[in-house]
Amino acid sequence: MLPLYSQSICRPYIGTPLRCVRSVLRLGILAAMAVATVAAGDDRELVKLPEPMQAHMLGNMRDHLATLNELLKLVAKEEYKPAAELAEARLGMSSLGLHGAAHMAPFMPQPMQEMGTGMHHAASRFALVATDADVERSKASLQQVTAALQEVTATCVACHSAYRIH
Ligand code: HEC
């Protein structure tokens with residue numbers, strides 16, 4: 001990893017190798033701190049769900065990841081319309097029935113429910129942005145679509161950092 005870092009950092013510092021070495025060292029220390037933070041304890045809140053519901057929720061999660069993977073593939077090919085339809089049907093507000101959300105929500109703490117709703121909203125917003133991009137087809141619209149997709153993954157990350165079910 002280090003040679004890769006040093007290559008990009010050192011380029012602006014050609015002629016000042018000492019500064020370059022210092023930057024690389026600083027980055028190395030930062031990276032070590034990040035690893036330590038990840039390795040240290042797990043302070044996520046445990047949410048106890050009845051066993052069948054746990055399995056159901058994890059099944060939903062694997063579907064979310066598969067959908068995200070498919071969305072990235074479609075966006076990379078600028079196939080915005082199918083991306084919009086997939087996001088709305090599998091992750092957006094239209095997917096609540098599919099995932100049995102109403103059945104599961106009462107078992108989750110309020111903020112967790114809100115994060116779930118946040119994900120569905122973000123996916124529906126992505127669907128709208130992708131629908132617009134399908135008409136506009138510019139570099140700017142590709143950037144907007146990518147940004148909207150990142151807003152979806154931000155909701156995955158937020159909930160995963162806060163809660164666990166086993
Ligand atoms: C409302 C909270 C919440 C949101 C939003 C959420 N997840 Fe999860 N997800 C969880 C929890 C809790 C677990 C179980 C983690 C644990 O117990 O260690 C989980 C587990 C998973 C797993 C592991 C499944 C397995 O079989 O073990 C995947 C994959 C996953 N999530 C993907 C996603 C993706 C992709 C998104 C966003 C598109 C997402 N999740 C959004 C709460 C959430």
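Mentor: Start at the ligand. Helix α3 gives the most to the shell around the ligand, with six residues. Keep in mind that this model is predicted.

Trainee: Which elements each supply at least two residues of the shell?
Mentor: They are α3 (51–76), α6, α7 (139–162) and β2 (163–164).

Trainee: Which residues come nearest to the ligand?
Mentor: Of the 19 residues around the ligand, the nearest are Met61, Gly116, Cys156, Cys159 and Arg164.

Trainee: How does the shell divide by class?
Mentor: It has twelve nonpolar, five polar and two charged residues. Met and Cys count as nonpolar, Gly as polar and Arg as charged.

Trainee: Now the helices. What describes a packed pair?
Mentor: Two packed helices are described by the angle between their axes and the distance between the axes.

Trainee: What are those values for α4 and α6?
Mentor: Helix α4 spans residues 80–90 and helix α6 spans residues 110–136. Their axes come within 8 Å and cross at roughly 165°.

Trainee: Why is α4 called roughly antiparallel to α6?
Mentor: Set the angle against the cut-off. Angles over 145 degrees count as roughly antiparallel. The crossing is at roughly 165°, so α4 is roughly antiparallel to α6. The crossing is also left-handed.

Trainee: Which residues of α4 and α6 meet?
Mentor: From α4 come Tyr80, Lys81, Ala83, Ala84, Ala87 and Glu88. They meet Ala123, Ser124, Phe126, Ala127, Ala130, Thr131, Ala133 and Asp134 in α6. By class, this contact has nine nonpolar, two polar and three charged residues.

Trainee: How do you know how α3 runs relative to α4?
Mentor: Use the angle again. The axes of α3 and α4 come within 9 Å and cross at roughly 165°. The cut-off for roughly antiparallel is over 145 degrees, so α3 is roughly antiparallel to α4. This crossing is left-handed.

Trainee: What makes up the contact of α3 with α4?
Mentor: Asp63, Thr67, Glu70, Leu71, Leu74 and Val75 in α3 meet Pro82, Ala83, Leu86, Ala87 and Arg90 in α4. These divide into seven nonpolar, one polar and three charged.

Trainee: Last point. What is the average pLDDT of the chain?
Mentor: The chain averages 85, and 76% of the residues score at least 70.

Trainee: Where does pLDDT stay under 50?
Mentor: Over residues 1–15. The model has twelve contacts beyond four places in sequence for that stretch.

Definitions and conventions. Residues are numbered from 1 along each chain as its sequence is written. This is a predicted model: local features need pLDDT of at least 70, side-chain atom pairs count only at pLDDT 80 or more; totals for chains, interfaces and linings use all residues. Axes are lines fitted to C-alpha atoms, for helices over the stretch in contact, and angles run from 0 to 180 degrees between N-to-C directions. Helices (H or I, at least four residues) and strands (E, at least two) are DSSP runs, numbered from the N terminus. Angles under 35 degrees count as roughly parallel, over 145 as roughly antiparallel, 65 to 115 as roughly perpendicular and the rest as oblique. A crossing is left-handed if the near helix is turned anticlockwise from the far one by less than a right angle, and right-handed if clockwise. Two residues are in contact if their C-beta atoms, placed from the backbone, lie within 7 Å. A residue is near a molecule or strand if its C-beta atom, placed from the backbone, lies within 6 Å of it. pLDDT is the predictor's confidence in each residue, from 0 to 100.
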